[in-house]
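I opened my notebook to look at how two chains meet and how one of them is folded. Come along as I go.

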Amino acid sequence: MRVRLQLTKQGDLRYISQLDLVRMVERAIRMSGLPIAYSEGYNPRPRVAYSPALPVGVSSDTEFIDVWLESRRDPRAVAHRLNEVLPRGARVVAAGEVLLSAPSLSAVISDAEYRAMVNLTDCESGQDLALRVENYGRQDDCVTFVELKGNLLVIGLMVPAGSRSGPRPRDVVSQVLSDLGINISPERVEVHRCRLLVGGREGMPRPLAV
Amino acid sequence: MRVELPHDLLMSVTRPGRYTGGEQNSTVKDHALVSLTFALAFPDTYEVGMSHLGLHILYQELNRRSDTAAERVFAPWVDMEQAMRARDIPLHTLESRRPVREFDLVGFSLQYELQYTNVLLMLDLAGIPRRAADREDGPLICAGGPCAVNPEPVADLFDFIVLGDGEEVVHDVVDCMIGSSGEDRGEVLARLSRVDGVYVPGGYEVLYEGDRVSGVSPGPDMPVPVRRRIVTDLGSVSPPDRPVVPLIQAVHDRAAIELFRGCSRGCRFCQAGFTGRPVRERSLEQVCDLAHATIAATGYEEASLLSLSSSDYSGIEQLCDRLGGELRRQRVSLSLPSLRVDKFSVGLAGSLQQVRKSGLTFAPEAGTERLRRVINKGILDEELMATAVAAWQSGWDRLKLYFMIGLPTETEEDVAGIIELVRQLKQRHREGRRSGEFKGRGLKLAVSVATFVPKPHTPFQWVGQLSSGQINERLQLLRSGFGRKVDLSTHDPLASRLEAVLARGDRRLLPVIERAYELGSRFDAWTERWRPELWDQAFRECGVDPARYAERQREPEEVLPWDHLDVGVDKEFLWNEFQRALSGDLTPGCRQQCMNCGITGRYGAVCGGRERPHAGATATDETR
């Protein structure tokens with residue numbers, strides 16, 4: 001059977017790469033004792049598929065992995081078992097069965113929604129920042145909103161993902177900051193991936209859910 | 001105090017995962033609920049330190065105690081060092097992010113001499129005065145590990161140093177410190193000096209005469225010699241079955257299972273072998289249990305059986321057969337580094353059929369049978385060939401060979417011997433492929449050539465290293481002899497020269513190390529950071545001639561800077577072995593015949609000669 005799991009990547013796990021994440025998931029699967037299926041060939045690997053890679057430093061509530069099992073299990077039991085062995089910062093928050101013949105995650109995922117937060121304390125932003133933010137028209141299709149709450153600037157983004165290439169969230173954010181006349185080092189931006197969406201190629205994208 | 005590592009700081013350095021902690025099997029304790037806090041400091045990067053089994057052994061051993069909290073700290077990379085200095089962030093541990101200077105005890109693992117500048121880096125970033133004599137309060141700073149058998153160049157940094165196996169002595173040290181809380185520093189150190197295996201450098205005065213050490217004078221009640229601690233039964237200490245699993249890629253991402261300590265071969269250049277005597281094995285049951293427990297606690301897909309010479313483990317074939325089979329069912333592969341050329345067999349090769357084959361590595365070390373007899377590694381050319389053939393017949397087509405340049409009595413003929421050996425191996429492989437005897441792809445042959453470094457506590461501890469000019473000449477001979485078809489890697493002779501200086505150095509070298517650090521030396525073992533010119537400058541400014549340490553032949557009656565540190569092997573035995581080397585005489589290994597090196601019965605060592613140190617294993621006879 002094929003089980004789709006929704007996974008978080010939070011806290012200290014933000015700072016590991018996609019490759020590190022893959023290794024972490026494989027170790028957790030091995031520790032779980034679940035009957036994972038393996039690929040064929042000279043170098044058999046556990047059959048796991050991943051949603052598009054997260055860059056280092058980006059947190060997420062909605063990473064998806066598809067796991068192929070050799071015998072049937074209750075998806076909730078799979079989630080529960082993996083949560084027992086995953087390190088802090090990674091949690092399976094939803095699990096469900098997917099048809100074996102269903103298309104791959106990378107084929108269906110069309111868009112990714114992000115939220116970028118910047119704490120503007122001690123940085124040059126000039127006067128009337130609140131006004132500039134309010135008047136900020138959608139200069140870029142990828143920006144869904146820009147809000148200023150006290151010293152915290154929040155930028156919403158929606159970019160093509162998966163098999164469609166799109167701008168990097170970091171670059172979109174840099175552009176917005178520059179448009180707003182904010183001078184700040186890019187490392188201070190905290191980016192979070194809120195949702196992955198499907199169907200964006202055909203029409204309105206809708207959230208991917210298990 | 002808990003150090004904050006802001007997001008922007010972590011995003012500005014490479015591999016921020018080195019600094020976050022939060023890994024599986026890490027232990028975070030409330031410091032208010034323990035009697036002693038211990039920072040285990042590894043003076044290299046996270047990825048290197050996390051691949052070191054000793055760290056995991058001590059971490060687990062200490063955290064097993066409810067009265068102790070052990071946490072890890074590694075050397076921050078240069079970009080992190082800069083950021084920490086700019087933001088005034090002190091060196092802190094991964095688990096609690098507490099500054100290292102707030103701990104009761106900080107223990108450095110001294111794995112190799114080129115790490116010494118990183119020790120200074122870490123003390124500096126911790127805000128701890130470097131030299132023991134300058135510290136009035138704050139944590140006690142100690143060290144252990146392979147370099148502890150001659151720690152003299154850095155001895156003045158440490159309040160105390162531990163020689164030998166850590167698992168038992170670490171408890172004695174912790175008990176001693178908890179028991180003497182409230183006493184002043186001098187009192188505590190006096191108590192510690194009475195623990196077997198503990199060396200308090202401040203209690204000894206070193207006297208010099210020209211280039212030589214003329215004596216080491218102990219203060220009142222200081223033991224002479226300092227004894228090495230030996231754990232007799234590996235089954236009696238906590239097995240490191242729950243190692244912390246790094247979140248980022250380490251040098252080795254595998255479950256490390258130690259088969260045995262010590263080595264019975266007596267290869268004359270090998271410090272690890274002589275300072276680890278006698279051989280103490282884990283039983284087959286213990287090895288299998290440990291392997292399964294570790295895999296279950298980590299999810300690693302490879303288990304690696306470690307020792308100085310794994311082919312010598314009693315019942316190695318039986319072990320690999322059984323464990324290999326059990327692990328294969330879990331899709332876990334088994335690897336066995338440190339194989340002997342003369343003990344490799346098709347049977348062993350078969351049981352190591354890994355899910356994915358990596359290469360095989362052997363270390364003939366010398367190019368001719370004559371020189372191999374000098375180093376007591378009497379492998380015959382035809383044994384090397386037979387081993388390679390057995391490996392190729394079993395499907396391995398990647399072979400790595402280790403050699404050394406600059407061994408005592410070496411001539412150009414011996415160097416040419418390396419070239420000839422490689423040529424013969426390649427030819428044999430070609431023939432075998434043509435005839436269909438070996439399947440698989442073309443031969444991948446890698447040759448790694450290091451420079452011989454004379455080490456303390458070995459028969460070659462009196463030998464001078466060749467000058468870097470001479471080394472370069474011989475390396476050039478090799479390079480031109482091999483041509484382009486051989487994957488040849490060499491170690492920088494200048495780095496080997498520094499290693500030779502520090503390995504057999506004395507306390508007069510510390511100012512040089514400090515100066516090199518101040519000039520910017522860090523991570524000297526990393527080729528990308530290695531700056532020999534900084535060391536040259538440091539030696540010049542301190543008025544120390546490195547050649548006097550590296551190249552000078554020591555006299556037989558000379559006091560050696562490490563004579564007051566006893567690993568248990570008699571100096572006369574080492575000298576006799578040196579003479580036998582010069583005559584090209586082989587000495588049988590311990591398992592074949594006891595040569596009275598002195599370790600038997602000393603410091604609790606149980607050395608059975610032909611007896612197995614544990615029950616239920618099959619003896620393997622040595623053929624040499």
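My entries below cover the interface and then a sheet.

**Ground rules.** I am working with a predicted model, in which local features need pLDDT of at least 70, side-chain atom pairs count only at pLDDT 80 or more, and totals for chains, interfaces and linings use all residues. Residues are numbered from 1 along each chain as its sequence is written, chains are lettered from A in the order in which they are written, and side-chain values use heavy atoms, leaving out hydrogens and water.

**Interface.** I looked up contacts (heavy atoms within 4.5 Å) and found 24 residues of chain A touching 28 of chain B. The buried area (accessible area, 1.4 Å probe, lost on putting the two together, summed over both) is about 2,400 Å², with 55% from carbon and sulfur atoms. On the chain A side, Y15(A), R27(A) and E187(A) lose the most area to chain B, together 27% of what that side buries.

**Salt bridges.** I counted three between the chains, taking a Lys or Arg side-chain nitrogen within 4 Å of an Asp or Glu carboxyl oxygen. One of them joins R97(B) to D12(A), at 3.6 Å from N to O.

**Sheet in chain B.** Here I used DSSP strands (E, at least two residues), paired if there are at least two bridges between them. Six strands form an open, mixed sheet in the order β2-β1-β3-β4-β5-β6. Its edge strands are β2 (68-74) and β6 (198-199) of chain B. I also noted that β4(B) and β5(B) run parallel, over two bridges, and that C142(B) stands opposite F160(B).

How values were computed
Helices (H or I, at least four residues) and strands (E, at least two) are DSSP runs, numbered from the N terminus.
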